[in-house]
Amino acid sequence: MFLHSVNLWNLAFYALMVFMATLGLWDVFFGFEENKCSMSYMFEYPEYQKIELPKKLAKRYPAYELYLYGEGSYAEEHKVLPLTGIPVLFLPGNAGSYKQVRSIGSIALRKAEDIDFKYHFDFFSVNFNGELVALYGGSLQKQTKFVHECIKTILKLYKGQEFAPKSVAIIGHSMGGLVARALLTLKNFKQDLINLLITQATPHVAPVMPLDRFITDFYMTVNNYWILNARHINLTTLSVAGGFRDYQVRSGLTFLPKLSDHTSALSVVSSAVPKTWASTDHLSIVWCKQLQLTTIRAFFDLIDADTKQITQNPKKKLSVLNHHFIRHPAKHFEENPSIISDLTGTSMWVPVKVSKWTYVAYNESDKIYFTFPLANHRKIYTHVYCQSTMLDTNSWIFGCINSTSMCRQGVDLSWKAELLPTIKSLTLRLQDYPSLSHLVVYVPSIHGSKFVVDCEFFKKETRSIQLPVTHLFSFGLSSRKVILNTSGLFYNIELLNFGQIYQAFKISVVSKCSAVKEEITSIYKLHIPWSYEDSLTIAQVPSTTEISVKLHIAQPENDSHVALLKMYTSSDCQYEVTVKTSFSQILGQVIA
């Protein structure tokens, strides 16, 4: 009888373990957002021109090949070498194909056509013969040495040209990104042969499946070299992760080690990338149209007008990558932007003295400058927030210094704004700008289009609301909530006690609106201050919206920042925010 009861308990225990594992696996493989990426298409038939390698090299690496991507007239013209563009080398990953270069290569070609080929990029791709290097690491060193030879071969194709390149940019997908980093470990490799490295869904920290010693030894060699030689590595590197849709390579593995000496490295999740704002799976990261457009915009902004090649200035490289991949101010990139702007011409100047203001612009015939005197507002409020639904790249908000009502020149504050899917917004702490006497919002003359501009002054404590997350073992049975009763446009919900990988929650945002005559959009942004892994949710209100809240990177021990739910709201709506533990997502986080 005793043995029978023990067996029943064991059976129940194992059944529970299997159920929990199944629940966790379901969350890993199916519990993520829908694919928001648009497919990238070729406008002309893609062609892959095989580059002839030196005989000794072809004999040493008979299974590997090098190709140049092209379409239409570009492909025909470049069958006759030498080349005249800017070389970029694509490295496929585990079981990857050299043909995966076509998405980014095609978009780069279209961009070059738009500017009449003032600049253009030549996209090369390596054929690793679909080797399964994530399962067997014995080929990784051979691939690395072959890539080194490919770089030297590519640069020879430009020999004798007026603006011949001395280095190449590399885009590495998955294990291809690790092979690119491994180039620096080769004895005879010169670091200045690479001017930029972008990796896509590359597991930099550790192998996904350490199945043999070749893989583990290769990882140890690469990572140890980058750590020990951090002071001497000046290679600008960007690692882009796919987010929770990529269950093959979890994003936590893609973050480059934060070395205080190596400041030229950035790591970001695709859901946080401006104008992309989407999680990608392991394969779609190479064809996701939004992400590839962002990458190509960055490449063209990296060009040095004097050399007609990618700039060698590391500061400019980081500025460009930050502009396109981290925080976009809704303006075209400028290396040295003009901080002071002229506010002249035939324009109306309209003073605004209220603390909350909305202007609907439609078929405006005159330019209007709305001026907000700050002296009285400073006595009552700590911050000002402005937003505009006009998503052009022109400057739209300025600060006047020691002015009475209007000023001929203003400080261009547009560079401090942030682009979001439906608005561009700016929040200023008034005490940081003691010399400003007026805030100026510019409304251009427009015909046939409509947009809305809002501004409001507020005290920080009225817009920062604390919401402690529920306990790990509450199993979703209990919840905590806050209600936003005031009619503000912006709120920060501080998610207290949230900072570990094994934590996972569901946040429900219920919006109720009064007298809504047209569609209203609200944006809910989960902001993780210790890593670039933000995610955005767009909601048409009134509605009930569910948001998954979990982390790729745990909060560092010495970091005191708080994760935020940034809410860009409508003043006509009331919002109720509820958080509760998601047990299935916790299991998914543990298994992943």
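Reader: What makes Tyr98 count as buried?

Author: This is a predicted model, and in it Tyr98 has a relative accessibility of 15%. Buried means under 20%, so Tyr98 counts as buried.

Reader: Why is the pair of Tyr48 and Tyr98 called edge-to-face?

Author: Happy to show you! The ring centres of Tyr48 and Tyr98 are 5.5 Å apart, with the planes at 85 degrees. Rings pair if their centres lie within 6.5 Å, and planes over 60 degrees apart count as edge-to-face, so that is the name for this pair. Tyr48 belongs to strand β1 and Tyr98 to the loop between β3 and α4, so the contact ties together parts that are 50 residues apart in sequence.

Reader: What makes the pair of Tyr136 and Phe214 edge-to-face?

Author: Here the planes stand at 75 degrees and the centres 5.6 Å apart. With the cut-offs at over 60 degrees and within 6.5 Å, the pair is therefore edge-to-face.

Reader: Why is Phe214 called partly exposed?

Author: Its relative accessible area is 34%.

Reader: Why do β22 and β27 stand at the edges?

Author: In the open sheet the order is β22-β24-β29-β26-β27. β22 and β27 each have a single partner strand, so one side of each is left without a neighbour in the sheet.

Note on methods: Residues numbered from 1 in each chain as written. Predicted model: local features only at pLDDT ≥ 70, side-chain atom pairs only at ≥ 80, totals over all residues. Heavy atoms only, no water. Pairing = 2+ DSSP bridges. Helix = DSSP H or I, 4+ residues; strand = E, 2+ residues; numbered from the N terminus. Phe/Tyr/Trp six-rings, centres within 6.5 Å; stacked < 30°, edge-to-face > 60°. Buried < 20%, exposed > 50% of the residue type's maximum accessible area, 1.4 Å probe, protein only.
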